[in-house]
Amino acid sequence: MMKKRGVWLLAAALIAIFGVAFAVISDKVSVSASAIALAEQGWSASFSSELHPAAIEKGDLYITDANGNRVDVEMVLLENGKTINIPRIPAGDYKLHIKESAVKGGFLKSLSASEVSFAVQEELKKLSNAEELEAYFKQLMVLEKSSGQPGLFTNEGSVATEEAADSSSAGGNGGENHSTTNNQVEGVDEADLVKTDGSFVYAISEAKVVITDVRNPDAMAVAKELAFQENMYPQQLFLSNGVLVVLGSEYSAMPLAGGDILEFRPQTALTTVHIYNIENPENPELIREFGTEGNLNGARLTDSLLYYVTNVTPDYRVLEEPDNGEIRPHMYDSKNGEKLQPLPYESLAILPGTTSASYSIITAIDLADPEASELVMEGYLGGSEQLYMTKEHLYITASAYMPISEEEKDEELDMSIWLPQQANTKIFKFALDDAAVRYLASTEITGSLLNQFSMDEFDGYFRAVTTEGFAWDEAAPSKNHLFILDDKLKQVGSVQDLAPGERIYSARFIEDKAYMVTFKETDPLFVIDVSAPSSPEVLGELKIPGFSNYLHPMGEDHLIGFGYDTKLEPVKGGEPRVVTGGMKISLFDITDFSNPIEKDTEIIGGAGTYSTLQYDHKALFTHADKNFYGFPVSVFSGTDSDYVKFEGAGAMIYTITPEGIEETANLLAKTESGIENWETSVQRLLYIGDSLYTVSPTELKSYSLENFSLKHTLSYR
């Protein structure tokens, strides 16, 4: 008996040891899939490990309907081996069933979930009650827990947008006798730190907006300072027919369930909008104020219609608490009272294909009569990163990440969500009809966008360029793609796998041509013909030292590139390394699309020299009649990046024509201190009549536009 008992104990111990060992060495296979899909767009699910090629055929993956009956639908395993796609499926409620035998190496892998529920709709539906919203977040929490990746569906670590930063400008050249913002799309104005109507300059200066009378550039005077409450910070401005719009960020105490607001409650970020009547700029009148929960993604203004997008991730884990809590985004409008209140359910929808816990809130208002106009706010579950807008359509994008397998996790870096190289891009398209915003279509393309210039709409087609992977990943080198989509965002053409091992540094679409700069050691400028949407074609390629961060069109036959000079520096016993030098201006002659030429170059300063133009296109100043191109710049001297010395900051202006680049004005303030003073560093340049103005956080300077002599300095202190 003792022997038998000993055998059983030994067997139990071995089983326990084997179980622990299996748990240690086995991988949890997680799945990511949207709870909502549209019938015409289909549905997909992504796994953290590869599936058997025959898993679908063997019935290891199958679909059932609301009654538990198997549904015969076309199911496809994509090339990556980790994603299944159902191209078409009728409206209804469904479940995906997953057997462990569907996963490669199933003996050493275990499923985090054997079933995934989803709903298919004929068209995007608004929510009708709290239960529908809570069900969405509860499913996300289930998938998040089963994956073992906290914060799986939030925007933590997502790509930051250019516009979300506190930087804008008043560069550009308008049809009037003064500067306008350097906008991407004609007729669509972009928000800015500085605006002018030709008589007054409106500028954000730290926590206030300063209105300056510049009708006499030799004796400028502050007409009015707009101050805000202590926790409100102005970020960007618009001017529209006697109306000043101030977009800012504010932190406010969240309301309790009963409507009270207590000081110790968590603070939430709000994007606020203050609208002023500035028919008399010396005495502006605040006529309306409203706010939307979340951080500002971007803002546009066209034909007096203001649109802006904010992002917010609610604390959806409150659903695990007894009293639940509010997971809808909040808003307020002074027209209806100033208390924060949640958006009604009928203003909320779940974007198809999304697994995001973040809302994108699109707000619109007609500024033709801002006091009486209806304020439209629509909330969509599906975070947004980049924003592109024409007069008819608004596009927002979000990263679509593949789940991380156990072997891909890097505990050293404490990766909590996704590997960046596995990100694709979701695109959501909306129609604009006055202040009404209506969802039209969505899709997913391979790779990640760089910025808003990676996108464009022309003749009913949407074009985008992306980078797939990372340039430093030698095991799976990066590659670059161009996609062309029709008006329903169905792919009709592409050029793929360009410049292996490099990534996109800048892009520009100009009607039926696309221009793309990639870089690793040299700067290839690609010229791509997109005139035939179904068959785009690379026409030419130019390789030169350095790279351009921003491409600006000059007429039909030239491009100006603003970026950095580079060189290869030898490394003892190793591969040469790329060293960044001074700021570089390149003039590209694209008369012959098959043979682009770098016609002229200009190098400013040494290593460490930079301009805000290199990451914010709105910093560019242009004067079309005079062929002037200017920008703020901070100049450093030094032969390499190991030792640099600050020389001065200010602005530079060049005359650029098809013949070449010529320095026209050097407005740098030299310094012996070796320290840059951000308070007086030029942020933007603009012109009015025959005067040039430079704007810094604390001062405004006026110059003659003929000889660039200083006329007047006005301090905002």
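Author: In this predicted model, strand 9 and strand 11 (residues 115–121) run antiparallel and are joined by 6 bridges. The bridge partner of Gly92 in strand 11 is Val120.

Reader: With which strand does strand 5 pair, and over how many bridges?

Author: Strand 5 (residues 61–65) pairs with strand 9 (residues 92–98) in the antiparallel sense, over 5 bridges. Within this pairing, Tyr62 stands opposite His97 of strand 9. Tyr62 also has a charged neighbour: Arg70 lies over the face of the Tyr62 ring, at 3.6 Å from the ring centre.

Reader: How are side chains arranged along a strand?

Author: In a regular strand, side chains alternate between the two faces of the sheet.

Reader: In what order do the strands of the open sheet lie?

Author: The open sheet is formed by 6 strands in the order 12-21-22-26-27-25, with mixed pairing. Its edge strands are strand 12 (189–190) and strand 25 (348–350), each of which pairs on one side only. Inside that order, strand 21 (residues 295–302) and strand 22 (residues 305–312) run antiparallel and are joined by 7 bridges. Asn295 has Asn311 in strand 22 as its bridge partner.

Reader: Let us turn to aromatic rings. How many aromatic pairs does a search of the whole structure find?

Author: The search finds 21 aromatic pairs. To classify a pair, one considers the angle between the ring planes, and planes over 60 degrees apart count as edge-to-face. The rings of Phe562 and Phe631 have their planes at 70° and their centres 5.8 Å apart, so this pair is edge-to-face. The pair links distant parts of the chain, 69 residues apart: Phe562 is in strand 41 (residues 558–569) and Phe631 in strand 45 (residues 628–640).

Reader: Are Phe562 and Phe631 buried or exposed?

Author: Both Phe562 and Phe631 are buried. They also belong to one aromatic cluster, together with Phe453, Tyr550 and Tyr654.

Reader: Why is the pair of Phe621 and Tyr687 edge-to-face?

Author: The planes of the Phe621 and Tyr687 rings stand at 80°, with centres 6.1 Å apart, so the pair is edge-to-face. Phe621 lies in strand 44 (residues 621–623) and Tyr687 in strand 49 (residues 684–688), so the pair ties together parts that are 66 residues apart in sequence. Phe621 and Tyr687 are both buried.

Reader: Which residue lies over the face of Tyr316?

Author: That residue is Arg317, at 4.8 Å from the ring centre of Tyr316.

Note on methods: Residues numbered from 1 in each chain as written. Heavy atoms only, no water. Pairing = 2+ DSSP bridges. Helix = DSSP H or I, 4+ residues; strand = E, 2+ residues; numbered from the N terminus. Phe/Tyr/Trp six-rings, centres within 6.5 Å; stacked < 30°, edge-to-face > 60°. Buried < 20%, exposed > 50% of the residue type's maximum accessible area, 1.4 Å probe, protein only. Lys NZ or Arg CZ within 6 Å of the ring centre and 35° of its normal.
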